[in-house]
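This briefing covers one protein chain, from its overall make-up down to two individual residues. Please look at the sequence and the model before reading the points below.

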Amino acid sequence: MSKLIPQEYDTVLLKTGEVVGLMDRMDETHFLPDYGVETREQEEKTMAMKPISIDDIEKVIYRSKDTR
């Protein structure tokens, strides 16, 4: 089974165990993550707008059928 390549709007599992949404693709290997806003820590991480690398991603856990 081949590994899905992360794309904008995917939900992914990071190697840290966190689940994030990928908002905007910055370049071939970096995305702006959406950690959510359920906790203050999640909100602060999302608002920091610190890109994550595809190397930080363990696997894609959800991809909308509308995403190509």
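Two residues are in contact when heavy atoms of theirs lie within 4.5 Å. On that basis, 43% of the contacts in the chain with a separation of 6 or more are made by residues 24 or more positions apart. The model is a predicted one.

**Fold and dimensions**

- The secondary structure of the chain consists of 5 strands and 1 helix.
- Their order along the sequence is β-β-β-α-β-β.
- The C-alpha trace of the chain spans about 35 × 25 × 20 Å along its principal axes.
- A compact globule of 68 residues would have a radius of gyration near 11 Å, and the chain agrees with this because its own value is 11 Å.

**Surface and charge**

- Of the 68 residues in the chain, 25% are buried.
- The chain has an accessible surface of about 5200 Å², and carbon and sulfur atoms contribute 52% of that area.
- There are 15 negative and 10 positive side chains in the chain.
- The centres of these two sets of side chains are 6 Å apart.

**Asp10**

- Asp10 belongs to the segment that precedes β1, the strand of residues 11-14.
- Is Asp10 buried or exposed? Its relative accessibility is 0%, and the limit for a buried residue is under 20%, so Asp10 counts as buried.
- A polar atom of the Asp10 side chain lies 2.8 Å from the backbone nitrogen of Gln7.
- Leaving aside residues up to four places away in sequence, Asp10 touches Ile5, Val20, Gly21, Leu22, Val60, Tyr62 and Arg63.

**Val19**

- Val19 is part of strand β2, which covers residues 19-25.
- The relative accessibility of Val19 is 44%. Partly exposed residues fall between the buried limit of 20% and the exposed limit of 50%, so Val19 counts as partly exposed.
- Which residues does Val19 touch, not counting those up to four places away in sequence? They are Thr11, Val12, Leu13, Tyr35 and Ile61.

Terms used: Residues are numbered from 1 along each chain as its sequence is written. This is a predicted model: local features need pLDDT of at least 70, side-chain atom pairs count only at pLDDT 80 or more; totals for chains, interfaces and linings use all residues. Side-chain values use heavy atoms; hydrogens and water are left out. Helices (H or I, at least four residues) and strands (E, at least two) are DSSP runs, numbered from the N terminus. The radius of gyration is taken over C-alpha atoms; the globule rule is 2.2 Å times the number of residues to the power 0.38. Buried means under 20% relative accessible area, exposed over 50%, partly exposed in between (1.4 Å probe, protein chains only). Accessible areas come from the Shrake-Rupley method with a 1.4 Å probe; for residues, only the protein chains shown count as cover. Lys and Arg count as positive and Asp and Glu as negative; His and the chain ends are not counted. The place of a charge is taken as NZ of Lys, CZ of Arg, CG of Asp or CD of Glu. A polar contact is a pair of N or O atoms within 3.5 Å; within protein, one must be able to donate a hydrogen and the other to accept it, and residues adjacent in sequence count only if both atoms are side-chain atoms.
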